[in-house]
Amino acid sequence: MSRTLAVFKREFASYFNSPIAYIYMTVFLGLAGWLFFKGFFLVGEASMRSFFGLLPWLFLFFVPAITMRLWAEEKKVGTMELLMTFPVTDTEAVMGKFLASFAFLLVSIGLSLVLAIVVAALGNPDPGEIFGGYVGAILIGAAFLSIGLFISSLTENQIVAFIVSVVAIFVFFILGDDFVLMGVPNWIAPVFSFLGLGAHYDSISRGVIDTRDIIYYLSVVGFFLYLNVKSIQLKR
Amino acid sequence: MISVKNLTKTFGRTVAVNNISFEVNRGEVLGFLGPNGAGKTTTMRMLTCYLMPDSGTATVAGYDIVDDSLEVRKRVGYLPENAPLYLDMDVVSYLEFVADIRGIPSNEKLRRIKRMVEICGLGSVAGRTVGQLSKGFKQRVGLAQTLIHDPEILILDEPTTGLDPSQIIEIRELIKEIGKERTVILSTHILPEVEATCSRVLIINEGEIAASGTPEELHSVAGGEDSFYVAIKTQDAQVEEKLRRIAAVREVKKLADLEEGYTRYLLKSKDGGSVGEQIFKAAVENGWMINELHRETLSLEDIFLKLTTKEKSE
């Protein structure tokens with residue numbers, strides 16, 4: 001536990017050791033805010049639904065940017081050899097890194113509360129819906145992070161990690177989309193609709209928090225973290 | 001302290017380490033010597049639990065490197081080749097991170113870090129970012145990192161590469177000092193380094209142990225032969241003949257005519273003990289003038305070349 005914490009602290013601090021974290025957060029918030037308010041004043045409704053609809057698409061690019069360096073850089077610089085010879089288990093190292101990226105994502109999501117405050121000041125939004133939206137965003141963000149982190153462990157090139165992560169997350173996200181389901185054989189459609197990251201998100205962000213959806217996201221996170229541990233063990 | 005039995009590691013079709021066995025005792029400084037790609041780094045990586053062996057076993061400080069990997073890693077300080085470091089951290093927070101991950105209690109952390117900064121001469125750069133340091137300082141930060149938990153065993157992969165001569169001497173002294181009550185394995189392809197720091201040498205070539213022993217033992221293994229260079233001035237036509245008659249001399253070769261009538265000869269002898277004296281005696285008896293006489297023992301360099309090239313030609 002203390003060793004997971006050591007890895008976590010190092011990784012989290014290293015986001016802020018360079019200006020990247022600040023640039024990242026500014027761009028994320030600026031883009032989210034602009035895209036949201038562009039439509040917000042046209043519709044004239046005090047709701048954040050469009051914001052939460054937008055969020056997975058922003059995460060599609062912003063999450064791989066958070067995870068791409070986590071393993072790839074260690075391999076490139078050679079510090080992988082240090083980390084793997086310190087007395088940490090592979091699981092502790094993976095957890096430390098995942099939690100650090102998760103904490104960074106939470107800070108970014110937390111900053112977007114500014115938008116909620118603005119909306120609340122302008123009208124009477126449904127607090128249940130906003131709460132559900134944030135829960136959904138945190139869960140889908142965690143799932144995206146676990147995929148991105150796993151892919152970063154497969155390469156030593158950050159750019160490759162970024163691009164492959166975007167593609168992989170995109171595929172998992174649209175898997176349960178109606179548009180995709182129309183194109184696949186009937187017998188496999190329920191499987192796709194269950195596995196798709198997007199389908200589970202829609203109901204949560206509408207404010208319907210179902211334990212099955214929560215369990216689904218936690219399983220996805222668990223599955224990819226497990227793959228991550230295995231991919232590191234295989235290289236020993 | 002370290003016991004290695006039939007360790008083997010292959011990458012695809014290349015056999016990096018082939019059935020290596022050896023032992024290292026407490027207080028010994030063992031040098032791994034070998035050309036690039038001989039398997040030194042791979043062996044070290046297995047002993048530090050970075051790589052898993054394909055077959056064979058090894059115990060480090062009494063723990064198996066596969067079954068008790070975590071216990072092994074707790075007791076070993078490892079400096080990988082080129083001393084990789086987290087470049088975005090400053091020196092002190094980097095050492096703090098290592099202390100944390102090594103489980104050093106927080107009340108002792110600061111004291112240890114201070115000591116490391118002092119031992120490794122990092123005082124002037126303590127607050128600087130690791131990535132901005134010179135190669136020599138990076139190497140020292142790496143060394144501080146390997147020592148911070150006071151390990152029983154140190155494994156250093158080419159600890160002096162990229163350092164300037166005075167830094168090399170400093171680091172060697174440091175290793176020698178540390179090696180007194182610990183077990184050290186270091187790899188190098190700089191031969192004088194082995195002679196300067198190691199109590200025992202393991203010559204590795206193409207994944208196998210080509211020779212092992214103290215530097216002196218290796219000398220005799222390689223059929224140690226001494227060379228004597230002597231410059232003589234005389235009218236005597238039978239110089240070469242007379243030199244050859246000296247008991248242990250196997251071969252005499254005229255090398256070059258020097259200025260002022262001197263000629264330089266090379267004498268080779270297996271039993272170098274008294275050859276110098278006898279040359280001197282012969283010169284006195286025959287009235288030769290000598291203005292140069294020196295002896296060269298077979299260096300580790302020659303032994304190394306002899307052993308590693310012999311392997312190849314067979």
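**Figure 1. Thr8(B) stands opposite Ser55(B) in β4(B).** This view, like those that follow, is taken from a predicted model. Strand β1 of chain B (residues 2–11) and strand β4 of chain B (residues 55–60) run antiparallel and are joined by 5 bridges. Both strands belong to an open sheet of 4 strands in chain B, ordered β2-β1-β4-β5, with antiparallel pairing. Because β2 (14–24) and β5 (63–64) of chain B each have a single partner strand, they stand at the edges, and one side of each has no neighbour in the sheet. Helix α1 of chain B (residues 40–47) lies across β1, β2 and β4 of chain B, and its direction makes an angle of about 120° with β1(B).

**Figure 2. An open sheet of 6 strands in chain B has mixed pairing.** The strand order is β6-β7-β8-β3-β9-β10. From one strand to the next, the twist averages 15°. Strand β9 of chain B (residues 200–205) runs antiparallel to β10(B), and 5 bridges join the two. Asn205(B) is placed opposite Glu208(B) in β10(B). Helix α6 of chain B (residues 165–179) lies across β3 (29–33), β7 (153–157) and β8 (183–188) of chain B, running at about 150° to β8(B).

**Figure 3. The largest nonpolar core has 131 residues.** Residues with the most contacts inside this core include Ile140(A), Ala143(A) and Leu145(A) from chain A, and Tyr94(B), Leu95(B), Ala144(B) and Ile155(B) from chain B. Helix α7 of chain A (residues 127–152) gives the most to the core, with 13 residues. Apart from neighbours within four places in sequence, Tyr94(B) is in contact with Leu85(B), Tyr86(B), Met89(B), Val130(B) and Val141(B). A second, separate core has 9 residues, among them Phe228(B), Leu243(B), Leu267(B) and Ile279(B).

**Figure 4. Chain B is divided into domain 1 and domain 2.** Domain 1 of chain B covers 2–221, and domain 2 covers 226–297. Taken over C-alpha atoms, the centres of the two domains are separated by 46 Å.

**Figure 5. Chain A and chain B are in contact.** The contact involves 20 residues of chain A and 22 residues of chain B. On the side of chain A that touches chain B, α1 (2–16) and α4 (79–85) of chain A each supply at least two residues. The most comes from α1(A), with 6 residues. By class, this side of chain A has 8 nonpolar, 8 polar and 4 charged residues.

Definitions and conventions
Residues numbered from 1 in each chain as written. Chains lettered and ligands numbered in written order. Predicted model: local features only at pLDDT ≥ 70, side-chain atom pairs only at ≥ 80, totals over all residues. Contact = placed C-beta atoms within 7 Å. Nonpolar A, V, L, I, M, F, W, Y, C, P; charged D, E, K, R; others polar. Pairing = 2+ DSSP bridges. Axes fitted to C-alpha atoms, helices over the stretch in contact; angles between N-to-C directions. Core = buried A, V, L, I, M, F, W, Y, C linked by C-beta atoms within 7 Å. Buried ≥ 20, exposed ≤ 12 C-beta atoms within 10 Å, placed from the backbone. Domains from an automatic or database assignment.
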